[in-house]
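The entries follow in the order of the searches.

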Amino acid sequence: MRFGSLYSYWGTEWKCDYLKTLKKMKEAGCDVLEMGAGHVLEMELGELEAIRAAAKEYDMELTLNIGPPKDKDIASRVPEIRRAGIDYLCNIIHRMKYLDAKTFIGAMYSYWPCDFTDTDKPGNWGRSVESMKEIAKVAEDEGVTLCMEILNRFESYLINDCTEGLQYLEDVGSDSVKLLIDTFHANIEEDDIVASFYQAGDKLGHVHVGEANRKLPGMGRDIPWDRIGQALKDIHYDGAVVMEPFLLTGGSVGADVKVWRDLSNGADEKQMDLYLKDAVQFLRKKFL
Ligand SMILES: [Mn+2]
């Protein structure tokens, strides 16, 4: 297992100086940096190659995280929007080779943040599955694994628990499509967070970790870290374990993730660095 964090940890906007962030994550003890997948389409190939070179120098893995915009929803009942979504995701997949990235994760079966204006679950599910079949073929060709993130009911209506996630995988029917369990979402939706890891088994392709309030692992008391670590060992999980800490209020991140108070205890950048370092050590101790 390799450990890391989402790029947005220090900021409140969905943007990033990736070279600087790679260095800071390495210094904190991370071996994975999760990037914003949309950024990959906005950067020149030279920029992508510079990030790949820096990651290689630091011996770090890059993973990509997406919450597609509503006008690129592959489940939409509007054919043009579905097509735009399929093309958008496939373009990202084609660019991943410039980063040596193999794992693409998120709510790519729908869009995020969801506004719940169209919750025709059977209809949108079927359209999403048909679109994903096409995207999965491209992922297979490029050697990329797509991990469907199971989201809680306040953020999506399509895949809310592991049972639904497994059904979606079965309907798509591609080995390149797997699941992502996030402890924050699972804590809201599952009867038993630990059991959901066993249920996913070899279909688990990525893990997000955070406390029930999205603080860094180790800052809270309710997530059963020891038993999650044992479950990951028992199912022979050897992928990335990525933190998605959201401690800071303000900006687009605060608004999208709904952080309406400071959860950092007034931390400055140096203190934020220390929190991250402690959390990586905590995860290694619990999971390895
Ligand atoms: Mn997540």
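Which element gives the largest share of the lining of the largest pocket? I looked it up: helix 2 does, with four residues.

**Entry 1: ground rules.** This is a predicted model, so I noted that local features need pLDDT of at least 70, that side-chain atom pairs count only at pLDDT 80 or more, and that totals for chains, interfaces and linings use all residues. Residues are numbered from 1 along each chain as its sequence is written, and side-chain values use heavy atoms, with hydrogens and water left out.

**Entry 2: confidence.** I checked pLDDT (the predictor's confidence in each residue, from 0 to 100). The protein averages 98, and 100% of the residues score at least 70. Confidence is lowest in helix 10, at a mean of 96, and highest in strand 5 (residues 145-149), at 99. Helices (H or I, at least four residues) and strands (E, at least two) are DSSP runs, numbered from the N terminus.

**Entry 3: pockets.** On a 1 Å grid over the protein atoms alone, a pocket is an open set of points with protein on both sides within 12 Å along at least five of seven lines, while a cavity is a set where a 1.4 Å probe fits but cannot get out; lining residues have an atom within 4 Å of a point. Grid points are joined across faces, edges and corners, and a volume is the space filled by probe spheres set on the points.

The largest pocket has a volume of about 470 Å³. I found 25 residues in its lining, and Trp14, Asn65, Ile66, Gly67 and Trp112 lie nearest its centre. Helix 2 (37-42), strand 3 (61-66) and helix 10 (251-257) are the elements that give two or more residues to this lining. By class, the lining has 13 nonpolar, six polar and six charged residues. Here Ala, Val, Leu, Ile, Met, Phe, Trp, Tyr, Cys and Pro count as nonpolar, Asp, Glu, Lys and Arg as charged, and the others, Gly among them, as polar.

The second largest pocket holds about 330 Å³. Its lining has 18 residues, with Glu155, Phe184, Arg214, Val257 and Lys258 closest to the centre. Helix 7 (183-189) and helix 10 each supply at least two residues of that lining.

**Entry 4: cavities.** I found two cavities of 30 Å³ or more. The largest cavity holds about 50 Å³, and its lining divides into six nonpolar, three polar and no charged residues. Among the residues that line the largest cavity are Tyr9, Pro245 and Phe246. The second largest cavity holds about 40 Å³, and its lining includes Asp182, His185 and Glu190.

**Entry 5: rings.** I searched for aromatic pairs (rings of Phe, Tyr and Trp, its six-membered ring, with centres within 6.5 Å; planes under 30 degrees apart are stacked, over 60 edge-to-face, the rest tilted). The whole structure has nine. Trp125 and Tyr168 are edge-to-face, 5.4 Å centre to centre with 80° between the planes.

Why does this pair tie together parts that are 43 residues apart in sequence? Because Trp125 lies in helix 5 (residues 121-142) and Tyr168 in helix 6 (residues 162-172). Trp125 and Tyr168 are both buried (under 20% relative accessible area; exposed is over 50%, partly exposed in between; 1.4 Å probe, protein chains only).

Trp225 and Phe287 form a tilted pair, 6.2 Å centre to centre with 50° between the planes. I also noted one aromatic cluster of Phe3, Trp225, Phe282 and Phe287.
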